[in-house]
Amino acid sequence: MTTALLVIDVQKGMFAFLDFKPHDGPGLLDAIAGLLARARAAGAPVVFVKHNEPGSPLELGMPLHDIADEIAPLAGEPVITKSCCGAFHETNLKQTLAGLGVTSLVICGMQTEFCVNTAVRTAREHGFAVQVAQAAHTTFDNPTLKAPQIIAHHECIWPSQFGPVVPAAEIGCAPQ
């Protein structure tokens with residue numbers, strides 16, 4: 001089973017606002033940096049996804065569209081650009097993963113209830129085994145729920161249908 005690390009939407013624009021910060025942004029970046037280091041050391045595929053939202057800081061071609069410097073892709077690592085929550089929707093993500101021989105994914109990134117959740121569910125629909133890296137996905141507070149509540153809710157429901165949630169620090173290069 002070939003496992004890839006799939007990093008969703010950890011873009012500079014997600015950290016750009018003084019009054020609107022992701023929950024534990026520094027912890028997220030540290031956790032993903034650890035996952036990247038282990039995956040790269042083992043030669044496991046790493047694939048990044050970036051959200052393109054015209055008229056926002058995440059617009060393609062704008063400086064804040066880029067992946068956060070702390071976890072920037074290395075030369076040759078695929079970067080897929082999407083225009084909705086679905087990383088597989090109207091992108092070449094599935095073909096890219098197939099070309100790398102990937103059958104299993106470790107998913108991390110932003111935002112838990114939107115793009116990460118959609119990637120987890122859609123990856124399973126496409127036949128991939130899925131693990132979500134706990135402490136390596138996050139979101140923002142919303143008017144109804146605080147970010148930790150949103151994260152806890154998703155970590156509660158994902159294992160029953162889509163795949164386990166595993167502490168990021170325990171994930172090696174090729175989880176089964």
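Ground rules. I am working from a predicted model, where local features need pLDDT of at least 70, side-chain atom pairs count only at pLDDT 80 or more, and totals for chains, interfaces and linings use all residues. Residues are numbered from 1 along each chain as its sequence is written, and side-chain values use heavy atoms, with hydrogens and water left out.

Entry 1, α3. Helices are DSSP runs (H or I, at least four residues) and strands likewise (E, at least two), numbered from the N terminus. The expected span is 1.5 Å times one less than the number of residues. Gly-127 follows α3 with a positive phi, near 90°.

The 15 residues of α4 (147–161) should span 21 Å, and the end C-alpha atoms are 22 Å apart, which agrees. Ala-147, Ile-150, Ile-151, His-154, Glu-155 and Trp-158 are buried. Down the helix axis, the buried residues of α4 fall within an arc of 130°, so they line one face. I took the arc from the directions from the helix axis to the C-beta atoms. Cys-156 and Ser-160 are exposed on the other side. The cover over the buried residues includes α3 (112–125), β5 and β6 (165–167). Gly-163 follows α4, its phi positive, near 150°.

I searched for nonpolar cores (buried Ala, Val, Leu, Ile, Met, Phe, Trp, Tyr and Cys residues joined through side-chain atoms within 4.5 Å). The largest has 28 residues; Leu-5, Val-7, Val-10, Ile-32 and Ile-71 have the most contacts inside it. α1 (25–42) is among the elements giving two or more residues to this core. α1 gives the most, with seven residues. A second, separate core of 24 residues includes Ala-4, Ala-87, Leu-97 and Leu-105.

Which residues lie nearest the centre of the largest pocket? I noted Met-14, Glu-53, Leu-58, Gln-111 and Phe-140, from a lining of 20 residues. α3 supplies the largest share of that lining, three residues.

Methods. Buried < 20%, exposed > 50% of the residue type's maximum accessible area, 1.4 Å probe, protein only. Contact = heavy atoms within 4.5 Å. 1 Å grid on protein atoms, 1.4 Å probe; cavity = no way out; pocket = protein on both sides within 12 Å on 5 of 7 lines; lining within 4 Å.
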